[in-house]
Structures are given as structure tokens and as C-alpha cells.
Amino acid sequence: MATFQDYLKFKMNKTEAQREFRTIEIHHETSGEIERFVQDSVDLVATLESTAPRNPGETVTFIAADIEVVEPAESTDSEQSIQVNIGTLDDRLHSFIDGITGKGFLKEVDFVYRKYYSEDLSAPIVNPVYLFVDQPSFNGLTAASFGATDTDLSLKRSGTIYTLEDYPGLA
């Protein structure tokens, strides 16, 4: 039978409750910048998936930001969408948009949504969602909101890329 001291040791050494980290990545091919943010009060260092379009398998830093990410929803016509509201943030997004010039202005801005759990930051806990930024709007110099959607089925990522690193038995 456990003693009161055993109970106290158990309570004092219990693991931290699992936390969820919602992250976003924004990139445009004409801009050399990759903007990564986490919905939290401190920066998050986590590892990207091995199939990431930029920096696959690398450990990167997501900058803490006052953002609200409304979980992906899928409508009846298979269109996925995410709504992002960004509160106070430096002029990082304005600079990002200003960097899109020339022919690149007609290209879409890539958006990646990843979710991590505090127990394992070595990869996203669910498959990332790859979308495109749609209708950004700015409220002053620091606040912004935008949607991210993917309505073109030919552009959706599907399946798995089998690599020798992930599946050494293929060799």
C-alpha cells in the first residue's frame, strides 16, 4: 500500500500537461524570407517534417506572436480554409508584402499550418496543411488578418514521397 509520502512524490514528479503549439509559415518565391510564427508567448524551436517544402527535417525557430489560428475547416466542396488573425507584431508582414514585386506579384503566397505537442517537438503531430494566402487585410501598421485556402485540387499535396533516408529497405 502506498504511503502519503509516496503520493507526495508522485504529485511532485508528475509530467507537465501536454501543450499544443499552432504554427504558421508564410513564404513567397520572390522573397528570400520565410516567416514562421507560433501562437504562444515564447519562441518555439521545433523540427520540420522530412517532406517540408523548405528546410526539410531541419530544426527551426517559430517566433512567438499574438496570433489566432482558427483550425482548418473543410467545406462540402472539398475546399480547405484557415483564418489567421495577427495582433500586435512588428512591421514584418508589411516588409514581406513589400518585397513581392515584378512578375512575382501574380504568384501565390505559400502558407503551411503545423501543429506540435510539447511532448515531442521532433515533428508535427499531424500532417501539415499546405495552402495559399487569400485576401490579406491590414489594420494599422502591426495588425493583420488573412485567410488561407486551397481550392485548386491539382495543386493539393497527396501521398507520401518514399526516400532512402525514411525507408532504407528500398535500397
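**Notebook: salt bridges, cores and surface of a predicted model**

I began with charged pairs and found that Glu-20 forms a salt bridge with Arg-22, with the closest N and O atoms 2.9 Å apart. I take a salt bridge to be a side-chain nitrogen of Lys or Arg within 4 Å of a carboxyl oxygen of Asp or Glu. Glu-20 counts as partly exposed, because its relative accessibility is 33%. For this I used the classes buried (under 20% relative accessible area), exposed (over 50%) and partly exposed (in between), with a 1.4 Å probe and protein chains only.

I note that this is a predicted model, in which local features need pLDDT of at least 70 and side-chain atom pairs count only at pLDDT 80 or more, while totals for chains, interfaces and linings use all residues. Residues are numbered from 1 along each chain as its sequence is written, and side-chain values use heavy atoms, with hydrogens and water left out.

**Entry: salt bridges across the chain**

I looked next at Glu-25 and Arg-114, whose side chains meet in a salt bridge of 3.0 Å, N to O. Glu-25 lies in strand E1 and Arg-114 in strand E7, so this pair ties together parts that are 89 residues apart in sequence. Both Glu-25 and Arg-114 are buried.

I then looked up Arg-54 and Asp-110, whose side chains form a salt bridge at 3.6 Å, N to O. Arg-54 is in the loop between strand E3 (44-47) and strand E4 (59-65), and Asp-110 is in strand E7, 56 residues apart. Arg-54 counts as buried, because its relative accessibility is 13%. Asp-110, with a relative accessible area of 23%, is partly exposed. Salt bridges that share partners join Glu-25, Arg-36, Glu-49, Arg-54, Asp-110 and Arg-114 into one network. I counted eight salt bridges by this rule.

**Entry: overall layout**

I found two helices and nine strands in the protein. Here helices (H or I, at least four residues) and strands (E, at least two) are DSSP runs, numbered from the N terminus. From the N terminus on, the order of elements is α-β-β-β-β-β-β-α-β-β-β. Of the 171 residues, 33% count as buried. Among contacts (heavy atoms within 4.5 Å) between residues at least 6 apart in sequence, 57% join residues at least 24 apart.

**Entry: nonpolar cores**

Which residues have the most contacts inside the largest nonpolar core? I found that this core has 16 residues, and that those with the most contacts inside it are Ile-24, Ile-67, Ile-82, Val-84, Phe-111, Tyr-113 and Phe-146. Strands E1, E5, E6, E7, E8 and E9 each supply at least two of its residues. The largest share, three residues, comes from E6. A nonpolar core is a set of buried Ala, Val, Leu, Ile, Met, Phe, Trp, Tyr and Cys residues joined through side-chain atoms within 4.5 Å. Apart from this core lies another, of 10 residues, including Val-38, Leu-48, Ala-52 and Phe-62.

I checked Phe-111 separately: leaving out residues up to four places away in sequence, Phe-111 touches residues including Ile-24, Glu-25, Ile-82, Val-84, Phe-132 and Phe-146.

**Entry: surface**

I recorded that the protein exposes about 10900 Å², of which carbon and sulfur atoms supply 52%. Leu-170 is found in the segment after E9. Leu-170 counts as exposed, because its relative accessible area is 53%.

Definitions and conventions:
Accessible areas come from the Shrake-Rupley method with a 1.4 Å probe; for residues, only the protein chains shown count as cover.
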